[in-house]
Amino acid sequence: MKAIIKRELKAYFTSPLGYAVLTVLAFFFGIFYTMYLKNGSADMTNVLYLMVLALFVVIPLLTMRLLANERRQKTDQLLMSAPVNISMIVLGKFFAALLFFCVFFVEVIVFNFVYLFFGATIDWLVFLGNILGMLFLSAALITIGLFISALTEDQVVAAIATYGISLILLFMNFFMDIFSMITSITVPTAVSEAFDWICFYTRYQSFTQGIFDLTNITFFISVIAVFLFMTVRVVDRKRWA
Amino acid sequence: MIEVKNLTKKYGSHLAVDDISFSVNDGEILGFLGPNGAGKSTTMNILTGCLSATAGSTTIDGFDVLTDPFEAKRKLGYLPEQPPLYPDMTVREYLGFIYDLKKVKMPKGPHIAEICRLVKIQEVYHRLIKYLSKGYKQRVGIAQALIGNPRVLILDEPTVGLDPKQIIEIRNLIRMLGKTHTVILSSHILPEVQAVCDRVVVINKGRIIADDTPDHLSANLSDDHSLSLILEADKKKAMDAIQALSGVKSVSYVRSHGENANEFVVDPVVGYDIRKPLFELMRDKDWAVLQLRSNQMSLEDIFLRLTDDTTDTAVLERSLKRRKEQNEQEGAQE
Ligand SMILES: Nc1ncnc2c1ncn2[C@@H]1O[C@H](COP(=O)(O)OP(=O)(O)OP(=O)(O)O)[C@@H](O)[C@H]1O
Ligand SMILES: [Mg+2]
């Protein structure tokens, strides 16, 4: 697993894509933060709300090639014939993407300390909630991207499919609201509750208020575990073609 | 060392490998010979755990690839048909990654350096793989298989796409590796297999049609080949009479050699030796034989013949098996 993490991280840091992703994140973070600072607030919560959009944009770009490319380059044969467990390969890829993402979190934390230095008051519980929520959210989106990347050989297809699915999972109750508004059909409460239950964004928001609800934590960890497991299954199934 | 038992692989309804069994002894170099689509790569992928079998089992040094993959794969080095390279890595980074991936215990620097020296890739060691020539890519692929010094090497068409000089170098390398490793290599080229391998398994349409030493194989098959015959006889009569012999597949007229002398080519049915019946016919008819010569069959011809769609593979297989048994008996008697 260590070998895989090392290779993937190196690939991120030596590819233009890796730097493009970091630049985009830094750019948006900078803009959003400046916007809020002008209004005299050093609270990051709203900034990070907006950053979810940036996450949504960059995560499929990070995950699309993880497994799709192995199949296209036929390097999967290398991994499959090596004395390594498939779950270790999948976990290695997952952690590589997550660790790469941590560069962004480091950036956020550094920003925060800079403002602390300039005398801003910071609610540490809210701050921790923000970071933790964003970490869980990104990890969940990464596993979804990883899973989709295992399904196809084509990076572009993987990216587009990941956009579609993560868009739905992130904002499904908003879509439902829009849907019922336009069609003026009242959605059954059971359905709307289910949608609320799944909606990633709602769950993320509760973190940002400094509320560490165990159900939310369990929810994200389950999503991560389920998608990792399914990814392993898909990679394994490929051998049974 | 390697045991393949009743291996079958179906892709959907397409039967790619059909109930094949063979074994490879410790220290042997086995050639896997067959035309495109014969099922060579499929078999090798199953052997290395990249692909699952529909039925049958494969074991490496006693470890089943499916149920005990970890132990089996630790003994394997595999060069797939397309070398599994990461274009954006340098050779150095790549081999280092393989070393880490296989969790090799030997000292890293010296081990990798030794392999680079062996496959002669020192001069590209620091270059990006995507800029290497085909030959060097192939060598890096072989280097990758050698990392960890596995006892079994499985090489899928290791010399494909190389220039003649490199082909010879790689063949020599494989022969040398064969002294300390068990090797299976696949190829379309019979001379290659003959030059390198101790034993050949010929596979066609997923079935094994021969399993023998290269020398036996070519000797056995050349016994069957066509005869060139110049007779002092009437063309029509001679052709009819020869055609009527049992064991003759076809007779064709080549050209006239002056007064009443005609040249024919006689093709026997696979597995039949028609020289004697032919001689008897000439004697009975009192035709003068001006020339009787076996048409030397090149190795390519043999291969084409073995894998030809129109030859009756069942007859061919039987004849090969019979001859192999004969050879073995003779060997035992000596
Ligand atoms: N993934 C796959 N799905 C369906 N059919 C396949 C697949 N891979 C191979 N085949 C089929 O299985 C048969 C055997 O293929 P294989 O690649 O093993 O042949 P080969 O002997 O290696 O040929 P070559 O000399 O061209 O490399 C072929 O008919 C091929 O079309
Ligand atoms: Mg092949």
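In chain B, buried residues make up 52% of the 334 residues, where buried means under 20% relative accessible area, exposed means over 50% and partly exposed lies in between (1.4 Å probe, protein chains only). The structure is a predicted model, in which local features need pLDDT of at least 70 and side-chain atom pairs count only at pLDDT 80 or more, while totals for chains, interfaces and linings use all residues. Residues are numbered from 1 along each chain as its sequence is written, chains are lettered from A and ligands numbered from 1 in the order in which they are written, and side-chain values use heavy atoms, with hydrogens and water left out.

Chain B holds twelve helices and 14 strands; helices (H or I, at least four residues) and strands (E, at least two) are DSSP runs, numbered from the N terminus. Of the contacts in chain B with a separation of 6 or more, 68% are accounted for by residues 24 or more positions apart, a contact being defined by heavy atoms within 4.5 Å.

Strand β8 (residues 182-187) of chain B has six of its six residues buried, so it is largely enclosed by the rest of the structure. From this strand, T182(B), I184(B) and S186(B) point one way, whereas V183(B), L185(B) and S187(B) point the other way, and all are buried. Strand β3 (residues 29-33) of chain B pairs with β8(B) in the parallel sense over five bridges, pairing being assigned if DSSP finds at least two bridges between two strands, and F32(B) stands opposite S186(B) in β8(B). Strand β7 (residues 152-155) of chain B also runs parallel to β8(B), to which it is joined by four bridges, and L155(B) has L185(B) in β8(B) as its bridge partner. From β7(B) the chain crosses to β8(B) through helix α6 (residues 164-178) of chain B in a right-handed β-α-β crossover, that is, one in which, with the strands pointing away from the viewer, the path from the first strand over the helix to the second runs clockwise.

Residue G77(B) lies in strand β6 of chain B and, at 0% relative accessibility, counts as buried. Its neighbours within four places in sequence left aside, G77(B) is in contact with K102(B), A145(B), P150(B), V152(B), L153(B) and I154(B). The C-alpha atom of G77(B) is separated by 21 Å from that of S21(B), with the two residues 56 residues apart along the chain.

S41(B) is buried, with a relative accessible area of 18%, whereas E81(B) is partly exposed, with a relative accessible area of 40%.

Chain B also contains an open sheet of four strands with antiparallel pairing, in the order β12-β13-β11-β14. The edges are formed by β12 (248-256) and β14 (288-294) of chain B, each with a single partner strand, so one side of each is left without a neighbour in the sheet. Neighbouring strands of this sheet are turned by 20° against each other on average, direction ignored. Strand β11 (residues 227-232) of chain B and β14(B) pair in the antiparallel sense over six bridges, and L229(B) stands opposite L292(B) in β14(B). Helix α9 (residues 235-244) of chain B lies across β11, β12 and β13 (261-268) of chain B and runs at about 160° to β12(B), whereas helix α10 (residues 275-285) of chain B lies across β11 and β14 of chain B and runs at about 5° to β11(B). For these angles, axes are lines fitted to C-alpha atoms, for helices over the stretch in contact, and the values run from 0 to 180 degrees between N-to-C directions.

Most residues other than glycine have a negative phi. D286(B), although not a glycine, has a positive phi of about 65°; D286(B) is placed in the loop between α10 and β14 of chain B and is exposed, with a relative accessible area of 66%.
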